[in-house]
Structure formats: C-alpha cells, structure tokens
Amino acid sequence: MRWKKQLLTLTPYQPGKSIESVKRQYKLDQIVKLASNENPFGCSPNVLTELESNQPSFAIYPDGYATSLRESVASFLKVNQDELIFGNGSDNIIQIISRSLLHPGANTVMATPSFSQYKHNAVIEGAEIREIPLLDGQHDLEKMYGAIDDNTNVVWVCSPNNPTGTYVSKNNLISFLDKVPSHVLVVLDEAYYEYVCADDYYDSIELTRNYSNLIVLRTFSKIYGLASLRVGYGIANKEIIKALEPAREPFNVNSFGMVAAQAAILDQEFVQTCKEKNKQGLTQFYHFCEDHKLSYYPSQTNFILIDINADADKGFQFLLEKGYIVRSGKALGFPSSLRITVGSFEQNEGVLKALGVFLAEQPEQLSEN
Ligand SMILES: *Cc1c(COP(=O)(O)O)cnc(C)c1O
C-alpha cells in the first residue's frame, strides 16, 4: 500500500499509564494517577443527576449541531451561537483546523516543547513545521512572529502552555496579534483557562472580536472533569467557524458528552471550588520545591513541571512503584523533569513524600557555588 510517507515517521500518542495496568504490574492496591491533568475532584454532581434524568438514547445519533449545549455555552460566554464549533475533545478541533489549513507547501509555527498534537497533525497533513524553542519556559512570540511568512497558515499559541504551565502575558499577546498577517490563523489553546489566576491574563473572547484571525480552544476535559466524554470547543468569528464546519465529522460529539457538558457549564460553583483547591495544591508543590532547592515553573494550570536534577524516567519509575503515576519529562522535552498533576491535598502530600525519598537516594549533585 502507498501510505502517506509522513505516517511512517510517527508513533501513536503515548497516553499516561492506566491505573489498572499499574496495579497489576506492581501488585499495588492504591494507585494515584497524576499524569494527565484530570480533575482529582471529578465533575459536578449535577452531571450525574442530569445524565440520569435526561438519559440519551443509545440507538439514536447525537444532535450533529449540539443545539442545546451550544445554547448554554453561547449564553455562558456571551457569544453568538454561530461563533462556536464543538469537537470530540479539543484534540478534534486541532485536527479539524489542521485538516482545513495545512497541506504540503504550507507551513505552521509553534512553540517547543508544547502540546504534542499540533505537530502530530501538521506532520500528517504534510505541512512544514517551524518550531520555536521556549524562552525561560515561555512562548518566544518575537521569534514565532519572525518565523511567519507568506506560506504560514496556522500559528499555535498554547497559553497556559502544556507542559510548562506558563502563560503568555496580555501585552505580549496583543502586540503579537497586532503584527500577525491576517492570512494566518492564530490558535489560542486555552485547555487550562479556568485554572488561570494571573492578573495580567487577557479576555480571550474579547480578543476574538478584535482579531478576525483568532480562534480560542477550550475543553470540558480539564477543570470540568469530563475527559472521558470528549467534549471541547472553539470560539471565533462566524466566518472562521463557517469555513471549518465542513471539515468536522457530522456526529463528532456524543449525546452523553453533550448532556454532561451542559450540566457542567451550568455549575460554576463547582469550577470555582476546584480552582481554589488547585491554587492551594500548587502551594504544596512550591513549598516542596523551595525546601528541596528544585527549580520549577510557576503554574497557571493544574499541573507543575519540576526539575528533579535526575533522570526523569528514573524518578517516574520510582514514583510508579510507590503507586503514583506521573509524567516523565523525557518525552515532553524536559529530560530531568517530572510533570505532576495537582491532586487533592492528601494526594499531593503523598506524591511529594515519595519524591522526597527519591531525592534523598540520589547521589549529591555538583553544586554551582
Ligand atoms: C488536555 C489538552 C488538550 C486536549 O483536551 P481534550 O479536550 O481532552 O482533547 C488540548 N490542549 C492542551 C494544551 C491540553 O493540555
């Protein structure tokens, strides 16, 4: 067969290890998964109530326009219904954008390390990829702008960025958007938007009104705690949405996901509680890092990237055998760091205690002083 040659260079996405497989392999009965930035507090209790009282039919196709969910999201965000596109997770929107705009001869600009799916989809579409290294863990928007030319079709800005947890400041983003030519779609991936506490964060929805080439991506997988149901969405002006819609599969969002997402967005109290607990959880990690003199990036998300001054895979394996699944930085572009999802207070204490044991067992590092 004549596979697209670029497929041969790709490997499938490596998900975080599953709880069941780790339990079996290491004969543990308690596993804490802090690998995929899922919400440790689950989802709003209203989701279950709603799924019970308003259970969709298994036999009937979902509403391909997500009418009811669309109404709720539009009204919550104060945008028009034709300014939204829904996806089977925001991963699906990334795919739709790539399918719509990338092809051999076009190029796309992104930061590195950043979320893996931008590059993955661009490779499949045969586009040229221009990766601009992070500067102090942050998007180097000046260099990213410098990489744009007549053949650039998409620029990806992940803010807050996965895996560093850092964000682009309002001034930097606006001066970037002011310069980017109008033929370039700027994708602002805000998977962790609801966790952001920084004062100089921007109103991204308002930016979609000022910049006709901007799309914002959000998801129900992170703070809303619905990762398994796969619902994400994009917000942009109606011309962008109209152009993308034909590349969307007709029934890409399932009925259960739509009912759950709608119940979830209507419970903002749950979101606020999770945001607050996450903020407190991050301070547990910050204190630990300061006590152990480890460097880390202050995070606007529900995860933290910590430089453990040791081989990331070794640290990962040590924690795994203690019952904590985290993410090794090795595959993420940070070979001596771990990316750990902020869990509940007890989970954070547990994983940090185990990490402390690991650090104590490491040979002394050569000090810079
Ligand atoms: C988790 C994540 C996504 C994907 O979320 P889904 O909606 O579950 O597909 C997208 N972007 C970033 C940066 C993420 O961390």
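Select the ligand and Thr219: an oxygen atom of the ligand sits 2.5 Å from an N or O atom in the Thr219 side chain, in a model that is predicted. This pair falls under the term polar contact, a pair of N or O atoms within 3.5 Å; within protein, one atom must be able to donate a hydrogen and the other to accept it, and residues adjacent in sequence count only if both atoms are side-chain atoms.

Of the 380 Å² of accessible area that the ligand has on its own, the protein covers 94% (Shrake-Rupley method, 1.4 Å probe; for residues, only the protein chains shown count as cover).

Stay on Arg230 and look at its backbone. Its phi is near 60°, a positive value in a residue other than glycine. Arg230 belongs to the loop between β7 (214-219) and β8 (232-235). Helices (H or I, at least four residues) and strands (E, at least two) are DSSP runs, numbered from the N terminus.

Now select the whole shell around the ligand. It has 13 residues, and the closest are Ser90, Tyr192, Thr219, Ser221 and Lys222 (a residue is near if one of its heavy atoms lies within 4 Å). The shell consists of four nonpolar, five polar and four charged residues. Here Ala, Val, Leu, Ile, Met, Phe, Trp, Tyr, Cys and Pro count as nonpolar, Asp, Glu, Lys and Arg as charged, and the others, Gly among them, as polar.

Next, the cis peptide bonds. Thr112 and Pro113 are joined by one, with omega about -5°; Pro113 is in the loop between β3 (107-112) and α5 (116-125). Another runs from Ser159 to Pro160, with omega near -5°, and Pro160 is in the loop between β5 (152-158) and α7 (170-179).

Finish with a helix pair. Select α11 (residues 268-291) and α13 (residues 345-361): their axes come within 10 Å and cross at roughly 15° (lines fitted to C-alpha atoms, for helices over the stretch in contact; angles run from 0 to 180 degrees between N-to-C directions). α11 is therefore roughly parallel to α13, a term for angles under 35 degrees.

Residues are numbered from 1 along each chain as its sequence is written, and side-chain values use heavy atoms, without hydrogens or water. Local features need pLDDT of at least 70, and side-chain atom pairs count only at pLDDT 80 or more, while totals for chains, interfaces and linings use all residues.

Terms used:
Parallel < 35°, antiparallel > 145°, perpendicular 65-115°, else oblique.
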